[in-house]
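Please read the points below beside the sequence and the model.

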Amino acid sequence: MTDEMLRRGIDCEGRPPVWAWMGADSGEENVLMTARMLLSDADFDSGVGVVDMEVPDELVLRSSYFQWNELLSRVLSGEQSPAMDWSIDPEEEDTTEEFQVQACLPLLRGSWVRGSRPIDPLWRLDD
C-alpha cells in the first residue's frame, strides 16, 4: 500500500498508512460490524472510538476494500505476486451500503480532526 501511495505522490515517510473509510457514521450497523471484524474484545474494552476528519484529497489513496483483501489472501497463500488492479468498480462507490472503498492516509494531523466519539462498548456481535 505504501509503495502505491508513493507512486501516486503520497509519501508515508516510513510509517504505516492510516486506514479509514469515507463518509461513515459510527452509529451505522456496518461500522459496528466492521469494527467487530477488525478489533478484539480488548480493543472494545479499552474504549475504541471513531474519529471524524477532513483530509485533503491529494493525501488520500482510495482503493477497493474487497480487492485489497483478495490480494492479501492470494499473496499470503503464495498464489499471486503483490500486484493489484487499483481501480474501483462503480458499484463499490456507494459507501452508504457497506465499506467498499477504503481510504489510506500518510498520517493523521490534528487540524484534520472534526470530532470523535466512542463505539458503544456494550455492542457485541453474537459469536
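1. Arg 7 is exposed, because its relative accessible area is 62%, where exposed means over 50%, buried means under 20% and partly exposed lies in between, computed with a 1.4 Å probe and with protein chains only. This residue forms a salt bridge with Glu 4, and the closest N and O atoms are 2.9 Å apart; a salt bridge is taken here as a side-chain nitrogen of Lys or Arg within 4 Å of a carboxyl oxygen of Asp or Glu. Arg 7 and Glu 4 lie three residues apart in helix H1 (residues 2-7), so about one helical turn separates them. Glu 4, by contrast, is buried, with a relative accessible area of 9%.

2. Please keep the basis of these values in mind: this is a predicted model, in which local features need pLDDT of at least 70 and side-chain atom pairs count only at pLDDT 80 or more, while totals for chains, interfaces and linings use all residues. Residues are numbered from 1 along each chain as its sequence is written, and side-chain values use heavy atoms, with hydrogens and water left out.

3. Glu 4 also forms a salt bridge with Arg 8, with the closest N and O atoms 2.8 Å apart, and Arg 8 counts as partly exposed at 44% relative accessibility. Side chains of opposite charge can pair when their charged atoms come close.

4. The structure holds seven salt bridges, and among them is the one between Arg 36 and Asp 41, whose closest N and O atoms are 2.8 Å apart. Arg 36 is buried, with a relative accessible area of 16%, whereas Asp 41 counts as partly exposed at 39%.

5. How many disulfides does the rule give? The count comes to zero, a disulfide being a pair of cysteine sulfur atoms within 2.5 Å. The sulfur of Cys 12 has its closest cysteine sulfur in Cys 104, at 8.1 Å, which is too far for a bond. Cys 12 is buried at 5% relative accessibility, and Cys 104 is buried as well, at 0%.

6. Helix H4 (residues 65-76) has 12 residues and reaches 17 Å from its first C-alpha to its last, close to the 16 Å expected at 1.5 Å a residue, the expected span being 1.5 Å times one less than the number of residues. The buried residues of H4 are Tyr 65, Gln 67, Trp 68 and Leu 71. They cover an arc of only 165° around the axis and therefore lie on the same side of H4, the arc being that of the directions from the helix axis to the C-beta atoms. Gly 78, with a positive phi near 80°, follows H4.

7. Val 51, Leu 108 and Val 113 make a nonpolar surface patch of about 200 Å². Patches consist of residues with over 30% relative accessible area and no salt bridge, with like charges joined within 9 Å and nonpolar side chains (Val, Leu, Ile, Met, Phe, Trp, Tyr) within 5 Å; accessible areas come from the Shrake-Rupley method with a 1.4 Å probe, and for residues only the protein chains shown count as cover. Val 51 is found in strand S2 (residues 49-53) and counts as partly exposed at 38% relative accessibility.

8. The chain's secondary structure comes to four helices and five strands, in the order α-β-α-α-β-β-α-β-β along the sequence. Helices (H or I, at least four residues) and strands (E, at least two) are DSSP runs, numbered from the N terminus. Of the 127 residues in the chain, 33% are buried.
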